[in-house]
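Q: Could you take me carefully through one part of this structure, the place where the two chains meet?

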Amino acid sequence: MAKKEYLLGIDLGTGGCKITLLDTRGQVLGEGFTEYETRYPRPGWAEQDPQEWVKTFRETLRRVFEETRRHPSRVAAIGIDGSTHNAVLMGKREKILRSCIMWMDQRSIRQSRGLERRIGKEIFRITFNKVNPTWTLPQLLWIRENEPEILEKVERVFFTKDYLRYRLTGTWETDYIDAHGSMLLDGGKRRWSEDLIGETGLSPGVFPPIRKPAEICGRVTRRAAIETGLREGTPLIVGTSDTAAEDYGAGAIKVGQGIVKMATAGNVCLMADRPYPTPAGFNYPHVIEGLWYIVAGTNSCALANRWYRDTLCQGEMKEARAAGKAAFRILDEGAEKIPLGSEGLFFHPYLLGERSPYFDPFLRASFIGATARHRKEHFSRAVLEGVAYSLLDAQRVLGGLGRKIKDIRLIGGGAKSPLWRKILADVLGKPVWVPASGDASFGSALLAGVGIGLFSDPAEAVRQGVRYVARVSPDARAHKLYQKYFPLYRKIHDQLAPVHRLIYEAFAGDPQTGS
Amino acid sequence: MANLMGIDIGSGGCKILIVNSRGEVLTQKCREYETSYPHPGWAEQNPRDWEDALRGLLPLAFAEAGLRPGDIGCITIGAATHSVVLLDKKGGVLRPAILWTDRRSIAEVEVLKRDFGDMILEETYHAPNVNWTLPYLVWVRAHEPGVWEETAKILMPKDYIRYRFTGKMATDYMDAHGTLLFDVLGRRWSSRICQALDIPMDILPEVLPPAQIAGEVNSGAAAFFGLAPGTPVLVGTTDQACEAFGSGAIRPGSGLLKLATAGNVAVVTEKAYPGPPRVYAYYHLASNFWYTLSGTSSCAVAYRWFRDTFFEEKGESGVYRMMDEMAAKVAPGAGGILFHPSLQGSLGDPYLRADFLGIMASHRKEHFVRAVLEGVAFSLLDCLQKQEALGVQAEEFRLIGGGARSSLWRKIISDVFGRRMLLPAESDASFGAALLGGVGIGIFKNLEDAVEKCVRIRETVDPDISNHRLYGDFFSCYQASEAVLKDLYRRLHRLSF
């Protein structure tokens, strides 16, 4: 038998599938990423097709092995993670009953309100988290009320990564971190809460067994081996949520370390010694036993810049194709020429409502303060600054808990932009470290190495595998300016929130909205 | 047969138009020129650019009309009002013209309002505001004393061009009224205001009736511009007065909606409605009438700005058609995006800026395009409501200006207003100016005669009631958010942006 020399990490993120291939010392041999589509069938809704995940995974896997000229049969272990607590509903004969409602979907506003009113305190006590439309519980309640015929047919519930793993191993389970994010778990006991499951109208038997992230739980089946080129019998660990995997993979394994993630969604995480239940952030267990992390998440982060590019920057995209470079780079080059503050143009990135710190699904994005002098480049910079403000806004939630973040590890697609890193360091006023691989798939691959005993424990895997490519120090003068502007960013939010509510009401019941 | 030439020196560019005595347009040529924004809120143009644009256009116009310069019976010029050119005693231009969209005089206006507001209102029917001439003069005196020292005469843009044609310095009642230095009832420069503010009266040009002949093209100008020496040049008047006349709005109750760089809503009235802020009473060309006007400083310029900022096909005229087609695919309401078009402040609040609210991930570029068209329509409805509050009534509107060429915009405006819109075949200020020339040299008996013979309506648009109802809800959001934004933009200004 050939020597098994690779660790494979698979991430089914919100924007696409990322795969990382490591050697046994944790060094990156190759990686690949493919986007998949999020559909917005109605304003505020967001759905994905689970079959699309599987298809995209296979394509990406094939490409990674082609490009690295390595052979998939020499993978020693596979780690897997996914965007968290999106429920895939399976009926008889493995039939997927509806497209997957994503965590950023806002349709369950009414159900969330109802739960909050009736049993909000109880839920907070059991799950350490506050009800809002992001969680699986209110989304299942929405299905119960609006698509009861679907709910009746549910035989098994999967979360994103669990569904892909099922397609590889045929096994059905989840880890305690993803389960915690469903709002159906008793967080203290790490057991499904029968009371909360009762709210959904589903029976407890349709929810998967709960295991630890680094445990080996299954092996690649013959059929999956044929479809993917992986060797039959290759072990898979249970895996975990994308956030848990990437915090770990970015090297945040000690209390006081912070993570800022600039992916489709953004978030700020703080490593903590225990849960600190707060209505403004989420508490999750860490993959390291006993450690917790508190997340303050925003809904639109790199998504905002991508949306901006796709919606308003067709010219730059054309230019980029002609010049053979990324459109984002062209946008950054323009933004770099604009003075800090974008000459008074503010962007609020609430394209999908907002989570931390507002938890207001009615919020919408805006550009405020344009004059005849403002050109495209101002808008490009305003988008980067607006997202950075929104992350500062979210970070203040954690600061409010009395535990200061010492430094930031910056991950996600947005971390690739040197300008955006700089803006973020200046807005937050903290040193920013950029890990060589800040991807969840990297963390998952390391964790797979822990699963098969290649590393003695999770911390050892980090010591061996994690490298940093950049360290950005905040500029004191720039930080001072941003601190001067930030109160107005807040004020604009405060004043426009009721206006956005009015706009929502003016359009409520109008099927043409967003057409 | 006499041919009449009308010239318009507009905010975005100039136009030359020649009609025959039946009002048939023989040629129409236009050319854009640059506006520079040296600081946020400033707006300037170089008068030399106006001359160059005209010089370039005149031979094209003659060629297209198949005329020689000697075939022109008279030339009449209209222009954007309030903008000012400062001349030294040799008639040389001292600094770039300050445009009426410029907002540099915010501080000066505060003082004028506080210390002289009542007197100015009493004399002129108008309150001091940043878009009118007097505050610019006070600003120049304070910030550019060297320029002020040398200023021997001030002229409005049309007066400057007429001066370059004939050597004669003069202005008309309407432009004079727009300076904030004019005694509106006495129809003469206000010595009271000039004395109080220490403005030397000899820098103010002679004031003449618009339809009077002011002078003739002199030989130097004839050679420079390619005109025939001796061609009569009328006093002319403001672009607004020319447009109202040229599109046929000469009877009380007749409304005019202008979608140009700036936008405005004008209604012909039997009496003046002076006083309330941001609603202006102006003389009508028909000397017994007035018109009531309220406006925005960013109208079609908002669409142009959006084009220049977000469409790579810079400056091509086909881009507007493409934008209209995109916007037409989106249902009324633009999916909930609200646009406030105050890219250069508003006439009432210099701190206002433009914004897009209500943006969601599902929105595409076409939603933004439609939002711009709708936002401008809302800003115009806002203007009309200020007049209606005074009792001014208008049942239908004539749509004029570059924006009126868009059939989608006409439809949106009709739906937003809930009124019938008429599209005159010709509505440019240069057309009204040319007709005015015809009245001046006696080809037409009077204004009514000119309108009857020459003004044609090309299209009538009636509102869709269900769209009108939907826009009503959305207009409430527009107004509610504007109230909130006023405060935010004041704060923005304090951060010294």
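A: What follows is a close look at the contact between the chains.

This is a predicted model, in which local features need pLDDT of at least 70 and side-chain atom pairs count only at pLDDT 80 or more, while totals for chains, interfaces and linings use all residues. Residues are numbered from 1 along each chain as its sequence is written, and chains are lettered from A and ligands numbered from 1 in the order in which they are written.

The contact takes 42 residues from chain A and 39 residues from chain B, where two residues are in contact if their C-beta atoms, placed from the backbone, lie within 7 Å. On the side of chain A that touches chain B, at least two residues each are supplied by helix 10 (302-312), helix 11 (314-323), strand 21 (365-370) and helix 17 (476-507) of chain A; here helices (H or I, at least four residues) and strands (E, at least two) are DSSP runs, numbered from the N terminus. Helix 17 of chain A provides the largest share of that side, 13 residues.

Sorted by class, the side of chain A that touches chain B has 20 nonpolar, 14 polar and eight charged residues, with Ala, Val, Leu, Ile, Met, Phe, Trp, Tyr, Cys and Pro counted as nonpolar, Asp, Glu, Lys and Arg as charged, and the others, Gly among them, as polar.

Strand 21 of chain A also pairs with strand 21 (residues 354-359) of chain B, the two running antiparallel and joined by four bridges, and strands pair if DSSP finds at least two bridges between them. In this pairing, A:Ile368 stands opposite B:Asp355 in strand 21 of chain B.
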